[in-house]
Amino acid sequence: MFQSTALLAVICIYITQSWSSAFQPSSRKQCLSRPGATKESQLRTLVQSVSRQSGDDSTSASSSADDGIAFSPGEATIRLGLSTGPTVWTEFGRIAQEFDPVNLGQGFPDWLPPKFAVDSLVEAVLDSAQSPHQYTRPAGHPNLVQQLARRYSIHMKRDIHPMDEIAVTVGASQALYLSLQTLIKPGDEVVLFEPFFDLYVNQVHLAGGTPVFVPLYFEPYDDQIEGEVSGGEWKLDRRELMKFVSPKTKAIILNSPHNPTGKVFTRSEMETIAESLDLAGPACVVLSDEVYKYIVHAPPKEQFTSDSPLCAGHTHFASLPGMWDRTITISSAGKTFSATGWQVGWCIGPRRLIGPIHQLLPYVQFCASTVIQEALARSLPRADEPYEGHSSYYEYLKDKYTKKRDLLVNALTNAGFAVPDYQRTPGGGFFIFARAGNAIVDLIPPKYLMAKNPAAPGGVARQDWALCQWMAEEIGLLCIPSSPFFSMVKAEEGASDSFIRVAFCKNDETIEAAAKALERLKTMEVGAGKSSNATIASTGDVK
Amino acid sequence: MKSTLLRLGVFHHRIGVVPVVHALLTIRQTRRTIVPLSSRYYQQKRFAPRSGMTLSSSILRSSSSSSSNCHDTTTAAPAAAAGLAHRLDGLDQPTVWQEFSPLATQYNSINLGQGFPDWDPPNFVVEAMKRSIDPTFGRNANQYARSYAHMPLATVLAQEYTHRWQQSKLPSHLLPLDPTTQIATATGVTNVLYCALQGLINPGDQVVLLEPYFDIYSSQVQMAGGECVYCPLRPDTSAVGASDVFTLDLDELESKLSTQTRVLILNTPHNPTGKMFNHEELQGIANLVSKYPQLVVISDEVYEHIVFDTVNEPHLSIATINNGQIWHQTLTMSSAGKTFSCTGWKVGWAVGPSHLVKAVTSVQQWCNFSPTTPTQDAIAQALQTAREEPYQGYPTYYDWLASDYRHKRQLLVDALLVAGMKPIVPNGGFFIMADTQHVDFPYDDIANTQLSTAMPGYATGKKMPRDWALSRWLTQTVGVTAIPPSAFYSLDTVDLAANTLRFAFCKGESTLQQAKQRFETYFT
């Protein structure tokens, strides 16, 4: 409910701010006078207005000449609601273009895939004997599912059937999308751990489901020192989880290593999630998004015999006792092979869960790109070979990210951000969820704080958003605010105010440039940014 | 169980499929209170009741109103474990494609069924992909593309369609096209269409399909919660050439349109017939469409460059007809797969007014996040080369492509004549519909002794359609496989397909020659 209310509230703000043309005044009045109403017809009209208004593009918000016509949305668009409007991604994309800051925002590497992967694709393209240029099997290119079955049989310590227990999709995003499409019917609940990757929420909406947010709580190491904040850990509270799981719950989305916090769920937290399934019906499934599993840069101290020998520090949720039958394991090639644009992902699970996905695939796209699947099938065995002085490519990758993490940790700490102590707290993925110290918060010019912004959750720039916008526009470093990763309720409680997401999947030079930009914060005095046109001729020297 | 699957399941009933789907059929029919037919059928023959029925009975119990009598009919099934899996068991042979491809393999038959080329893409396309990813060329198209469309591809497409539609006299105020808001890409046209229908359709909306239609359309409509309304192309047996044989009766089309109609899917050049809609027909359609402001035309033009008489019968986009009369109501779709013989690359696009392109992007960004980058980047380059540079002695690649297919068309026409069939010569695309009425084969034997779970009418115990039986017989006895067009009709009009078969000529010359030899061996 709070979501719909907030959604309508934002739409209202948006309309009052910027609506100017053919929108019917009666609906507008309705919206303004009854912000809590969620009648579908109203929503339809409102979505229509918002979708017309939004600059629907990360690179341009140009108004098109072709239209005097409103987009009349279908079911899917209505379910998405505000999601067709501007988002944190479109807004910070715009800022990046306009101010050209050092960009530690979006989560993709700015380097090439490993040579063997590029070679695999070039070789596949030129291999006219194999000719992987025409349609392939909708459920997955045979060469790729064979390779995946080989690896996952080792991960899961059971024989994975390549044809029945694997579905290949357009990236992990689609793996998740199709899993939800097959599992959820209108009204079903899907549990998300908060903060969450924002894509999940919209995919749940598209399937007609209701997201239910189970908060992870932040436990600081030590907040006793006056005027200072410390790093800490995000933890799952068993009681919170048990409170929200019910027979209405049809799926629980687990993401470990976790975006945006970098958290690695502990074994006992995973066991708690497994136990919570008892509160849900037998149909409830865990969707385990494990795209960062080869980037566990701070592995947990304790190792478990059931863990995969190929994936140190990572626990596949499906390998927990009894969980194979309750889990769809989701992963992709993008993060592992620094090739996010290849868009090959997969679902692994028992055939009763994978079968329905197979059934949808021919109608969603027929098949994922054959040539890319073939390239990945050729890359997988090569990744096991020694690579640049490491025993395998996976070892190299982890080492590479560990060094980059340390670079960024130093830069952030130096500037007054608190970050996790990775000697103490396990971590994975390529983001640091940094906590802004009071000294930094005091620097944010007031004009940024609580400024109206239709892309921001709730339509206003809370502290995290203001900090990121200010840094991107005036300090020359772009990070992503944390509030879009929280539900409106939690954001309004202030849970996200101090946190920003900083990516380290970037060249060392980029991270060093970021460090340089961050240096500025140390030398600034409170109020330095307050003069309203203090756009520091910014980024030339740091980029 | 998820509504998408339910919707899909309902669809499967059209082309028959398998017992589990019949369970869904039961639901649908009981809602219409035609209970006895399907349930009696279950209990009497063909297969023992399966657990799928049990699930359906549980659905029926939980579903409201009309279920009192159907409850009785379904509880006859033995109780079994509930769950998604059983309902979906046995779907390994659900469609015409999954029936005839394995059958062709089993009988070592020459497969002129599925529509993809059996050769490599042209060298300049392959080289383009190499440039996209080989670091020495500096394009490095390896990371996420812009979600709505890889910008280099969107830019080329906007130029391409602007250029083309200027020549088609689309009013200048509608041009140039804006690559950021008027172009969307996705994982092939199948995925573009999926996203568009998901983005446009509300439950109960009607979508008009012209029969015969590419079978994927109807399932996608069902998945979006829409209802298919069919308008058959009527055969004019006195005419010559697919464009004239398969005629559109505009009055009949008009009778299918109403304020409930949300989408009309048009496909030109047309699969499976090879018909190209002419100016007059498109004008007639545009006039009807413009009476209904809520109506969107989705124009699937994936065979646009495989046309055989560009002078007298050029490819026409309905978006441009009558000075763009229904431009604001039209999404034009096409892809790289057929044009560049790379069906597996899966790069498709939609072009149109931004309020309709948005229907695609708003779903696509959550369905895929972004389409594959290297393939999009390569196609961006290939489109430029194809238009601007000579190819194999032809002014452009497109000229060569049309000429090559014209040659293959002739080979297949010759082969079909040997078999005593009358090819309805296509004007575009790479399929030939053949009139098979003079082919003598043991229809009753096949129909009575062979089981097809994918054929239309299977659910209701109907006799195997003649074209279906003929295709099985041709595969088993002669060694050439075609696709029975009854898969492309609704049950009401499926008889129109009885004396036809669809043959693909997107095959190497030797494959087509071999097919001819087999026909010669058997028929002469």
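In helix α16 of chain A, the residues Trp470(A), Met471(A), Glu474(A) and Ile475(A) meet Ala517(A), Arg520(A) and Leu521(A), which belong to α18(A). Sorted by class, the contact of α16(A) with α18(A) has 5 nonpolar and 2 charged residues, and no polar ones. The model in which these contacts are found is a predicted one. Two packed helices are described by the angle between their axes and by the distance between those axes. For helix α16 (residues 463-475) of chain A and helix α18 (residues 508-523) of chain A, the angle is about 105° and the axes are 11 Å apart. Because angles of 65 to 115 degrees count as roughly perpendicular, α16(A) and α18(A) are roughly perpendicular to each other.

A helix pair in chain B is described in the same terms. Helix α7 (residues 96-106) of chain B and helix α20 (residues 466-478) of chain B have axes that come within 9 Å and cross at roughly 20°. Angles under 35 degrees count as roughly parallel, and α7(B) and α20(B) are therefore roughly parallel to each other. The crossing of α7(B) and α20(B) is right-handed. On the α7(B) side the contact is made by Val96(B), Glu99(B), Phe100(B), Leu103(B) and Ala104(B), which meet Trp468(B), Ser471(B), Arg472(B), Thr475(B) and Gln476(B) in α20(B). By class, the contact of α7(B) with α20(B) has 5 nonpolar, 3 polar and 2 charged residues.

| Helix pair | Angle | Axis distance |
|---|---|---|
| α16(A) and α18(A) | about 105° | 11 Å apart |
| α7(B) and α20(B) | roughly 20° | within 9 Å |

For chain B there is also a record to consider. An unreviewed UniProt entry places the feature "domain: Aminotransferase class I/classII large" at residues 109-513 of chain B.

The strands come next. Strands of a sheet pair through backbone hydrogen bonds, in either a parallel or an antiparallel sense. In chain B, 7 strands form an open sheet with mixed pairing, and their order is β2-β10-β9-β8-β7-β3-β4. The edges of this sheet are taken by β2 (183-187) and β4 (227-232) of chain B, each of which has a single partner strand, so one side of each is left without a neighbour in the sheet. Neighbouring strands of this sheet are turned against each other by 25° on average, with direction ignored.

Strand β12 (residues 431-435) of chain B pairs with β14(B) in the antiparallel sense over 5 bridges, and the bridge partner of Phe431(B) in β14(B) is Ala504(B).

Leu192(A) stands opposite Phe213(A) in β4(A). The strand β4(A) is also joined by 5 bridges to strand β5 (residues 232-236) of chain A, and here the strands run antiparallel. Leu216(A) stands opposite Leu236(A) in β5(A).

Some details of the backbone fall in loops. The peptide bond from Glu211(B) to Pro212(B) is cis, with omega near -5°, and Pro212(B) lies in the loop between β3 (206-211) and α11 (216-223) of chain B. The peptide bond from Thr268(B) to Pro269(B) is cis as well, with omega near -15°, and Pro269(B) lies in the loop between β7 (261-267) and α14 (279-289) of chain B. In chain A, Ser338(A) has a positive phi of about 50° although it is not a glycine, and Ser338(A) is found in the loop between β8 (327-332) and β9 (345-348) of chain A.

Notes. Residues numbered from 1 in each chain as written. Chains lettered and ligands numbered in written order. Predicted model: local features only at pLDDT ≥ 70, side-chain atom pairs only at ≥ 80, totals over all residues. Heavy atoms only, no water. UniProt positions renumbered as here; feature names shortened; annotations may be inferred. Axes fitted to C-alpha atoms, helices over the stretch in contact; angles between N-to-C directions. Helix = DSSP H or I, 4+ residues; strand = E, 2+ residues; numbered from the N terminus. Parallel < 35°, antiparallel > 145°, perpendicular 65-115°, else oblique. Left-handed = near helix turned anticlockwise from the far one by under 90°. Contact = heavy atoms within 4.5 Å. Nonpolar A, V, L, I, M, F, W, Y, C, P; charged D, E, K, R; others polar. Pairing = 2+ DSSP bridges.
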